[in-house]
Amino acid sequence: MKHLRNILWPLCVLAMLMGGISACDNSDEAKLEAKWQMCQVVTDGGATQQVDSVFYSFMDGTFMAVCMRADGSYWAYNGAYTMNGENLTVTFVENQGMDFNSPARYMYWPDRSKEFQILTLTRSTLKMVSGEQTFIFRKY
């Protein structure tokens, strides 16, 4: 019995260490998977607009964008995302009744799909560019 305990104890310790190492995933994909609040939009010309009512959420390939309105109501749209290195592609699900001239303009979303290049991604900050706009988020 003592011999069995001497074998099992190191195996249990090794299993716990491996579990702890895998739980500390520092990949960009793991850092992206969170809820983010848009703070600023900076245009190519340098104009900055403060934003506090737009939220992006990334989790396991699914995406949600939420725009809070002044009256307390909100718009929410679902989609999917793929990440390839520093490139992020987000596509909304069709037939959600999204009017890209109404709520989407407040979310800086011109059509159903959007390409981003991630400039900064930490556990608390997300900065990405799409076209002539840079979007700065904080983890929510």
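**Fold, confidence and packing in a predicted model**

At 46% relative accessibility, S124 counts as partly exposed; buried denotes a relative accessible area under 20%, exposed over 50%, and partly exposed the range in between, with a 1.4 Å probe and protein chains only. The model is predicted, so local features need pLDDT of at least 70 and side-chain atom pairs count only at pLDDT 80 or more, whereas totals for chains, interfaces and linings use all residues. Residues are numbered from 1 along each chain as its sequence is written, and side-chain values use heavy atoms, without hydrogens or water.

S124 sits in the loop between β7 and β8. Its contacts (heavy atoms within 4.5 Å) include no residue up to four places away by the count used here; they are W36, F137, R138 and K139. S124 and L32 are 92 residues apart in sequence. Their C-alpha atoms are 9.7 Å apart in space.

The protein contains 3 helices and 9 strands. Both kinds of element are DSSP runs, numbered from the N terminus: helices are H or I with at least four residues, strands E with at least two. The order from the N terminus is α-α-β-β-β-β-β-β-α-β-β-β. Buried residues account for 30% of the 140 residues. Among contacts between residues at least 6 apart in sequence, 43% join residues at least 24 apart. The accessible surface comes to about 8,800 Å², computed by the Shrake-Rupley method with a 1.4 Å probe; for residues, only the protein chains shown count as cover. Carbon and sulfur atoms contribute 55% of that surface.

Confidence was examined by element. The average pLDDT, the predictor's confidence in each residue on a scale from 0 to 100, is 81 for the protein. A score of at least 70 is reached by 73% of the residues. Confidence is lowest in helix α1 (residues 2–23), with a mean of 50. It is highest in strand β8 (residues 125–130), at 96. Over residues 19–23 the pLDDT falls below 50. Beyond near neighbours in sequence, this stretch has 0 contacts in the model.

Strand pairing was then traced around β9. Two strands pair if DSSP finds at least two bridges between them. Strand β1 (residues 35–43) is joined to strand β9 (residues 133–139) by 7 bridges, and the two run antiparallel. In this pairing, V42 has T134 of β9 as its bridge partner. Strands β8 and β9 also run antiparallel, with 6 bridges. Here M128 is bridged to F135 in β9. β8 and β9 form a hairpin with 2 residues between them. In the turn, G131 has a positive phi of about 65°.

A positive phi also occurs outside glycine. The phi of D60 is near 50°. D60 lies in the loop between β3 (54–59) and β4 (62–68). With a relative accessible area of 62%, D60 is exposed.

K114 presents a buried lysine. It belongs to strand β7 (residues 113–121). Its relative accessibility is 6%, so K114 counts as buried. Leaving aside neighbours within four places in sequence, K114 is in contact with L88, T89, V90, Y108, W109, S130 and F135.

Rings of Phe, Tyr and Trp (its six-membered ring) pair if their centres lie within 6.5 Å; planes under 30 degrees apart are stacked, over 60 edge-to-face, and the rest tilted. In one of these pairs, the rings of Y77 and F92 have centres 6.1 Å apart and planes at 75°, so the pair is edge-to-face. The pair links distant parts of the chain. Y77 is in strand β5 (residues 74–84) and F92 in strand β6 (residues 87–92), 15 residues apart. Y77 is buried, at a relative accessible area of 6%. F92 is buried too, at 2% relative accessibility. Both rings belong to one aromatic cluster, formed by Y56, F58, F63, Y77, Y81, F92 and F137.

The structure holds 0 disulfides, a disulfide being a pair of cysteine sulfur atoms within 2.5 Å. C39 is partly exposed, with a relative accessible area of 21%. C67 is buried, at 3% relative accessibility.
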